[in-house]
Amino acid sequence: MTDQEIYGYATFNLSCGYEDPFRLREFLYLLYNRKHIPAAKANFVVLVINGSSWGIYTNVQQLDKQHAREWFRDADATRWRAEGVSSGIGQPGGGGSFGAGKSSLNYLGDDTTTYKQYYTLKNSYKKDPWNDLVKACKVLNTVDRSMLVGTHAKIMDVDGVLWFLAHE
């Protein structure tokens, strides 16, 4: 059934804590982030399948329309995922090789197709969201330094970005 929900949530992202023996890293990271920036909610669940306990899992909120509605004025916000180099999946702690430096909001030219191998469009209600990504990358990379503060504030939440970078 596609319309089932628990406490208003239809999607659950369960993690067994692989390479995190205390299963706390992701939970604590998101808990702390939520004080300053839009971050997913997280909790712990005991997973039981057909009466058999599979142990404690971390459950992380889906970054979907409901998450956007909790944090932003427009729940129809365009959502992207930056792709990793080797696996094609965005991964934290890329060691400087994330997207070979291409999916780090670098300006790659005005051709939107150039960006499609480095970003995945997760959701959009706009006619052509790729142009917005190109515009943001262009502003971030080509604006004269004397104009940075005023120009960046028009396309992004500078305070939120600084909090995000501090957390990372």
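**The second largest pocket**

Modeller: Lining the second largest pocket are 14 residues, and those nearest its centre are Y9, F12, N43, V45 and N59. The elements that each give two or more residues to this lining are β2 (42-49) and β3 (52-60). β2 provides the largest share, 3 residues. By type, the lining holds 8 nonpolar, 5 polar and 1 charged. The pocket volume is about 320 Å³.

Some terms first. The search runs on a 1 Å grid over the protein atoms alone; a pocket is an open set of points with protein on both sides within 12 Å along at least five of seven lines, and a lining residue has an atom within 4 Å of a point. Points are joined across faces, edges and corners, and the volume is the space filled by probe spheres set on them. Ala, Val, Leu, Ile, Met, Phe, Trp, Tyr, Cys and Pro count as nonpolar; Asp, Glu, Lys and Arg count as charged; the others, Gly among them, count as polar. Helices (H or I, at least four residues) and strands (E, at least two) are DSSP runs, numbered from the N terminus.

The model is predicted: local features need pLDDT of at least 70, side-chain atom pairs count only at pLDDT 80 or more, and totals for chains, interfaces and linings use all residues. Residues are numbered from 1 along each chain as its sequence is written, and side-chain values use heavy atoms, with hydrogens and water left out.

N50 sits between β2 and β3. Its phi is positive, near 50°, and N50 is not a glycine. Most residues other than glycine have a negative phi.

E19 is another non-glycine residue with a positive phi, about 65°. E19 lies in the loop between β1 (13-15) and α1 (25-33). Its relative accessibility is 58%, so E19 counts as exposed.

T78 is in the loop between α2 (65-71) and β4 (79-82). At 25% relative accessible area, T78 is partly exposed, a class that runs between buried (under 20%) and exposed. Beyond its neighbours within four places in sequence, T78 contacts L121, N123, S124, K126 and P129; contact means heavy atoms within 4.5 Å. T78 and W130 are 52 residues apart in sequence, with C-alpha atoms 9.7 Å apart.

Conventions. On a 1 Å grid over the protein atoms alone, a cavity is a set of points where a 1.4 Å probe fits but cannot get out, and a pocket is an open set with protein on both sides within 12 Å along at least five of seven lines; lining residues have an atom within 4 Å of a point. Buried means under 20% relative accessible area, exposed over 50%, partly exposed in between (1.4 Å probe, protein chains only).
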